[in-house]
Amino acid sequence: MALRAFIITLFLGVATSAFAYSSPGSPTGFVNDFAGVLNPAEETSLEERLSAYAATTSNEISVVTVPNIGGDYIENYAVRLFEEWGIGTSKNNNGVLLLLAIEERELRIEVGYGLEGALPDGVADRIIRDEIVPVLQEDNYGEALRRGSEAIIAATAGEYAAESATPD
């Protein structure tokens, strides 16, 4: 019986380590292009915009590109990165992570509890679908991340909303 418990524990340990989170590194600002897909002008412009937004609202938007997420799920990776970096203020939990994994061609908007009212899942999904994905399909990473960031800013200011359901 003890041997079976040991084998199960060993198996679970190996299975979970296959998708273990691996930090991309420490943040250097609001824009962290670990995948190297932004040109310096795009990165600087986006950094300035997000820095100004944080200064006037205390809300923090972090834009992160990574080459890959090591076989992990984008949702798990985003949550772990969000927590590791402590995006947003600890008092208000008012952070947003816009994460783009290049090799997997996946992206995620992770929202702190303090901004979930302004940026619920439906709005985040709409931003991804309507603002980011069409531009990513043209391989224009800088413009996609700029549009996504602007839509997040608009949503948290109450200017961007999810589509209302229409009756059938």
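Colleague: Let's start with L97: is L97 buried or exposed?
Modeller: This is a predicted model, in which local features need pLDDT of at least 70, side-chain atom pairs count only at pLDDT 80 or more, and totals for chains, interfaces and linings use all residues. Residues are numbered from 1 along each chain as its sequence is written, and side-chain values use heavy atoms, with hydrogens and water left out. Buried means under 20% relative accessible area, exposed over 50% and partly exposed in between, with a 1.4 Å probe and protein chains only. L97 has a relative accessible area of 0%, so L97 is buried.

Colleague: Good to know! Which strand holds L97?
Modeller: Strands are DSSP runs of E with at least two residues, while helices are runs of H or I with at least four, and both are numbered from the N terminus. The run that spans residues 95-101 is β3. L97 lies in strand β3.

Colleague: How far is L97 from E110 in space, C-alpha to C-alpha?
Modeller: L97 touches E110, R108 and I109, among others, where contact means heavy atoms within 4.5 Å and residues up to four places away in sequence are not counted. In sequence, L97 and E110 are 13 residues apart. In space, their C-alpha atoms are separated by 5.0 Å.

Colleague: S62 is another residue that L97 touches. What is the relative accessibility of S62?
Modeller: S62 sits in strand β2, residues 60-66. Its contacts, leaving out residues up to four places away in sequence, are F30, I87, V96, L97 and L98. S62 counts as buried because its relative accessibility is 5%.

Colleague: Moving on to G148, what is the distance in space between G148 and V63, C-alpha to C-alpha?
Modeller: G148 is in helix α5 and counts as buried at 0% relative accessibility. Beyond four places in sequence, G148 touches L98, I127 and I132. G148 and V63 are 85 residues apart in sequence, yet in space their C-alpha atoms are apart by 9.4 Å.

Colleague: How do the axes of α2 and α5 run, roughly parallel or roughly antiparallel?
Modeller: The axes, lines fitted to C-alpha atoms over the stretch in contact, are compared by N-to-C direction on a scale from 0 to 180 degrees. Those of α2 (residues 40-57) and α5 (residues 141-156) come within 10 Å and cross at roughly 10°. Angles under 35 degrees count as roughly parallel, over 145 as roughly antiparallel, 65 to 115 as roughly perpendicular and the rest as oblique. Therefore α2 and α5 are roughly parallel.

Colleague: And which residues of α2 make the contact with α5?
Modeller: From α5, the contact draws on G142, E143, L145, R146, S149, E150, I153 and T156. Its residues divide into five nonpolar, three polar and five charged; here Ala, Val, Leu, Ile, Met, Phe, Trp, Tyr, Cys and Pro count as nonpolar, Asp, Glu, Lys and Arg as charged, and the others, Gly among them, as polar. The α2 side is made by E42, L46, R49, L50 and Y53.

Colleague: Which element supplies the largest share of the lining of the largest pocket?
Modeller: About 210 Å³ of space lies in this pocket, and of its 14 lining residues, E110, V111, G112, Y113 and E116 are the closest to its centre. The lining divides into seven nonpolar, two polar and five charged residues. Both α3 (74-85) and β4 (106-111) supply at least two lining residues. The largest share, four residues, comes from β4.

Colleague: What is the relative accessible area of N93?
Modeller: N93 lies in the loop between α3 and β3. Its phi is near 50°, a positive value in a residue other than glycine. N93 is partly exposed because its relative accessible area is 24%.

Colleague: Where is S58, which has a positive phi although it is not a glycine?
Modeller: The phi of S58 is about 75°. S58 is partly exposed, with a relative accessible area of 30%. Its place is the loop between α2 and β2.

Colleague: Last one: in what order do the elements of the chain run?
Modeller: The chain has five helices and four strands, and buried residues make up 38% of its 168 residues. From the N terminus on, the order is α-β-α-β-α-β-β-α-α.

Technical notes. 1 Å grid on protein atoms, 1.4 Å probe; cavity = no way out; pocket = protein on both sides within 12 Å on 5 of 7 lines; lining within 4 Å. Points joined across faces, edges and corners; volume = space filled by probe spheres on them.
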